[in-house]
Amino acid sequence: MYNWLLQNPKNVCVVHCLDGRAASSILVGAMFIFCNLYSTPGPAIRLLYAKRPGIGLSPSHRRYLGYMCDLLADKPYCPHFKPLTIKSITVSPIPFFNKQRNGCRPYCDVLIGETKIYSTCTDFERMKEYRVQDGKIFIPLNITVQGDVVISMYHLRSTIGSRLQAKVTNTQIFQLQFHTGFIPLDTTVLKFTKPELDACDVPEKYPQLFQVTLDVELQPHDKVIDLTPPWEHYCTKDHLT
């Protein structure tokens, strides 16, 4: 894409995706940063919104544009290859997703890329319902991940009816995404406030100071991955020379 535009000022690159908003916008924003037009995500995002109103980039999209900035900084950050163990997830205060608006029955899905690798969802009757007076949700995970990680929390609810007739459905409470290679080596806790979480679309369901905390530990040794990341054999500092 960059090389095509560099070949001739008359060359045009058309970017599209399923809805012409999120995926294409994040690619174009990354291109702005790659071309050294901006060194932080904020100005790139403002230009995107000015030229394409309503794109609706999520906090995770902004986080990944920040990764792009780190790769292209004056002192480029080189992501590491150490797996990350997520020991537990804590959510506080309790969000209001049940019918009484005083708690929720949560479970977590963990994905690497688009592949679900772990879920805490079990039978409805066996899952704990947290109430406001509990103060926080605590779910042990103890899973090791590497690369692009997605964590989604859902509220599980059962429709009215007998045990055999009732249907179990879910509602997403939040989602977050990050890349393990950009987590500092001495990190033991990852905290995300509500503005840093995706899919928190109904403000009245979240109490003030709502946050998510991951208790984590980076493993001491690198793990070889199948695909070579693009930054391994590319001199980011010299790409415009």
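I take buried to mean under 20% relative accessible area, exposed over 50%, and partly exposed in between, with a 1.4 Å probe and protein chains only. I am working on a predicted model, in which local features need pLDDT of at least 70, side-chain atom pairs count only at pLDDT 80 or more, and totals for chains, interfaces and linings use all residues. Residues are numbered from 1 along each chain as its sequence is written, and side-chain values use heavy atoms, with hydrogens and water left out.

I searched the whole structure for salt bridges and found 5, a salt bridge being a side-chain nitrogen of Lys or Arg within 4 Å of a carboxyl oxygen of Asp or Glu.

I looked up Lys 82 and noted that its side chain meets that of Asp 222 in a salt bridge, at 3.2 Å from N to O. Lys 82 sits in the loop between α4 (59–71) and β1 (84–92) and Asp 222 in the segment after β10 (211–218), so the pair ties together parts 140 residues apart in sequence; helices (H or I, at least four residues) and strands (E, at least two) are DSSP runs, numbered from the N terminus. Lys 82 counts as buried at 16% relative accessibility, whereas Asp 222 counts as exposed at 51%.

I then turned to Arg 105 and Glu 129, whose side chains meet in a salt bridge at 3.4 Å, N to O. Arg 105 is buried, with a relative accessible area of 13%, while Glu 129 is partly exposed at 24%.

I also recorded that Lys 116 forms a salt bridge with Asp 109, their closest N and O atoms being 3.4 Å apart. Salt bridges that share partners join Arg 105, Glu 129 and Arg 131 into one network.
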